[in-house]
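Take a look at the structure below.

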Amino acid sequence: MQAVVPAPGFWLGVRCVGGELHEIAFLAEEVTPVEAIDPASAALAAEATRQLAAWLEDPTTRFELPLAAAGTPFQRRVWAAIAAIPCGETRSYGEIARELGSSARAVGGACGANPLPIVVPCHRVIAADGRLGGFAHSDGGFLLEVKRWLLQHERCHA
């Protein structure tokens, strides 16, 4: 990671390449940023950490960052649908699947592959019965606790 943002109970790692935000990772422990960063991305990494810290204070904060166009066309369609979910609200994997003419499992896979969580708020996607479902290809442990915290954080500020 090139920059790290402290959050309650976890850290957010940021990776930028060529002036675009490529990855936000949930970290269980603080890491010292050791990856080299090109000059074109240094200012972006600083801005991404500033905006993430602002979001941690107020989850209605809107992100204005150049995002890398990663993922398959289907993944990008899922991520666009996720990005449209308002802060403090959730939608089910099945609802998004119906909207896109796909399956809940495929939507779940695209959510798990999301390289930019929080900016593309995949934590807002839950199971049809209201359970959390998975998060970042995990169905328990640390990452599911992060998802629970993210949803509670948004509900408290919505």
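How do the residues of the lining of the second largest pocket divide into nonpolar, polar and charged? There are 7 nonpolar, 6 polar and 2 charged residues in that lining. Keep in mind that this is a predicted model.

## The second largest pocket

This pocket holds about 240 Å³ of space. Its lining has 15 residues. Nearest the centre lie Tyr93, Gly108, Gly109, Gly134 and Phe135.

Helix α4, residues 104-112, gives the most to the lining of the second largest pocket. Its share is 6 residues.

## The largest pocket

Now turn to the largest pocket. About 350 Å³ of space lies inside. The lining is made of 19 residues, and the closest to the centre are Thr61, Arg62, Phe63, Ala83 and Val119.

What is the make-up of the lining of the largest pocket? It divides into 14 nonpolar, 2 polar and 3 charged residues.

How is such space found? A probe the size of a water molecule is rolled over the atoms, and this shows where empty space is left.

Strand β2 covers residues 10-17, and strand β3 covers residues 20-27. The two pair in the antiparallel sense, over 7 bridges. Follow one of the partners across: Arg15 has Glu23 in β3 as its bridge partner.

Between the strands of this hairpin there are 2 residues. Which residue in the hairpin takes a positive phi? Gly18 does, with a phi near 55 degrees.

Key: Residues are numbered from 1 along each chain as its sequence is written. This is a predicted model: local features need pLDDT of at least 70, side-chain atom pairs count only at pLDDT 80 or more; totals for chains, interfaces and linings use all residues. Side-chain values use heavy atoms; hydrogens and water are left out. Two strands pair if DSSP finds at least two bridges between them. Helices (H or I, at least four residues) and strands (E, at least two) are DSSP runs, numbered from the N terminus. On a 1 Å grid over the protein atoms alone, a cavity is a set of points where a 1.4 Å probe fits but cannot get out, and a pocket is an open set with protein on both sides within 12 Å along at least five of seven lines; lining residues have an atom within 4 Å of a point. Grid points are joined across faces, edges and corners, and a volume is the space filled by probe spheres set on the points. Ala, Val, Leu, Ile, Met, Phe, Trp, Tyr, Cys and Pro count as nonpolar, Asp, Glu, Lys and Arg as charged, and the others, Gly among them, as polar.
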